Amino acid sequence: SKTNAGMIERKNQAVARGVGLAHPLFIDSAKNATLTDVEGRKFIDFAGGIAVLNTGHLHDTVKQAVAEQLEKLSHTCFMVMGYEPYVAVCEKINALATGPSAKKSALFTTGAEAVENALKVARAHTGRTGVIAFGAGYHGRTLATLALTGKIAPYSSGMGLMPGDVYRALYPCEMHGISTEEAIASIERIFKFDAEACNIAAIILEPVQGEGGFYVAPKAFMAALREICDKHGILLIADEVQTGAGRTGTFFAMEQMGVEPDITTFAKSIAGGFPLSGIVGKADIMDSIAPGGLGGTYGGSPTACAAALGVLQVFEEEQLLDRAKVVGTTLRDYLTNLSQQHKVIADVRGLGAMIAIELIDEQGQPQPELTAKVVAKARDKGLILISCGLYGNVVRILVPLTVPDAQLQQGLDIISECFAELA
Ligand code: PMP
């Protein structure tokens with residue numbers, strides 16, 4: 001029978017080492033918030049496949065939607081012949097997207113592909129090529145998105161410089177000394193020193209930085225960005241690949257930010273584990289590209305769209321936006337209490353159920369080693385966590401919103417035990 005060690009040996013032989021593995025585990029099956037590895041051991045999943053499983057692993061409704069679709073059709077290529085699920089997903093996303101403007105959408109496969117296409121629309125609409133992105137932002141691993149991703153190691157180490165016309169501004173983060181004013185000033189400096197505003201097509205940001213450490217953009221910052229964009233004819237792109245699909249307590253996080261973005265990207269939890277991404281934006285902007293200029297063989301595939309429709313049904317039937325608020329409050333209260341016992345937990349933050357803790361010692365030094373130890377010990381005790389952050393010192397929680405309360409509590413108790421033993 002298979003073992004984790006045996007599978008890791010096979011992986012090391014067969015898979016390029018650049019494809020890392022955060023945990024030395026191979027998973028055989030999963031249901032809702034429970035994973036079972038190839039040795040039959042069960043784990044509680046607080047990582048959700050990096051924000052993909054807001055409706056849990058293999059939700060019955062999602063499974064059924066995909067199974068029904070598989071009885072009918074798996075592929076035509078939407079650019080060749082249409083099928084209803086694609087249009088139905090776009091209609092629903094248009095209705096859920098932030099702000100009053102009429103919306104249109106287009107579907108793709110991965111988050112990075114959605115970001116790439118947002119850039120294409122912004123270029124076509126503005127006739128400009130420049131983009132402003134933020135330090136510690138994460139937008140993907142393709143070449144254009146790596147250029148936007150504001151962290152070199154490990155994402156682009158050894159790969160040379162990425163495609164140009166990207167300018168880096170500072171993301172506001174009070175706890176690391178960057179005020180909203182300073183972040184805005186960093187954009188004004190770009191206009192002064194690097195690139196005229198009339199050459200910038202878009203400003204792209206995550207409303208809550210995901211990989212970068214779960215830092216929430218202040219509303220005042222969003223308002224200032226919107227103002228800069230309007231003043232200079234620049235598009236505001238909200239990358240909601242990680243924050244979207246209900247994680248933050250609203251379907252899109254921008255709903256809580258007080259401004260309407262021009263284009264929003266989505267992926268991950270939108271289809272509960274099936275590969276689907278997309279962009280939704282103001283209809284006139286989205287129509288900037290002529291027929292044939294957007295697409296991809298598998299973009300918005302019938303099974304992925306069926307899964308997304310299943311996910312959206314689960315959100316309605318189980319009122320998962322409300323559930324996200326409850327899960328978020330539970331996480332925040334528990335971890336805040338824990339931070340009072342362990343000073344190394346310097347911050348508990350997030351939006352809705354997108355919650356993280358940041359580990360910093362009394363001298364103000366980030367604690368990536370302790371973070372790694374907490375993650376490893378939690379795993380040994382049966383809880384899957386993942387870290388993030390520019391300094392690798394943030395433990396982030398992306399537990400399925402469908403997690404049973406008892407299991408949520410069990411996971412939190414494991415985190416508490418880890419700190420009691422390590423900190
Ligand atoms: N944007 C954001 C905000 C993300 O968090 C991610 C994935 N972590 C991506 C884009 C890229 O998505 P994918 O890995 O599906 O290409």
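Modeller: Happy to! Helix 5 (residues 111–126) contributes the most to the shell around the ligand, giving three residues. Helices here are DSSP runs of H or I with at least four residues, strands are runs of E with at least two, and both are numbered from the N terminus. This is a predicted model, where local features need pLDDT of at least 70 and side-chain atom pairs count only at pLDDT 80 or more, while totals for chains, interfaces and linings use all residues. Residues are numbered from 1 along each chain as its sequence is written.

The ligand has 15 residues around it, and Thr110, Gly111, Ala112, Val241 and Gln242 come nearest; a residue is near a molecule if its C-beta atom, placed from the backbone, lies within 6 Å of it. By type, the shell holds six nonpolar, six polar and three charged residues. Here Ala, Val, Leu, Ile, Met, Phe, Trp, Tyr, Cys and Pro count as nonpolar, Asp, Glu, Lys and Arg as charged, and the others, Gly among them, as polar.

Now for the backbone. Ala51, in helix 2 (residues 48–51), has a positive phi of about 70 degrees although it is not a glycine. Ala51 counts as buried because it has 23 C-beta neighbours inside 10 Å, the cut-off being 20 or more other C-beta atoms within 10 Å, with 12 or fewer for exposed and partly exposed in between, and C-beta atoms placed from the backbone. Cys77 also is not a glycine and has a positive phi of about 70 degrees; Cys77 sits in the loop between helix 3 (60–70) and helix 4 (84–96). With 14 C-beta neighbours inside 10 Å, Cys77 counts as partly exposed.
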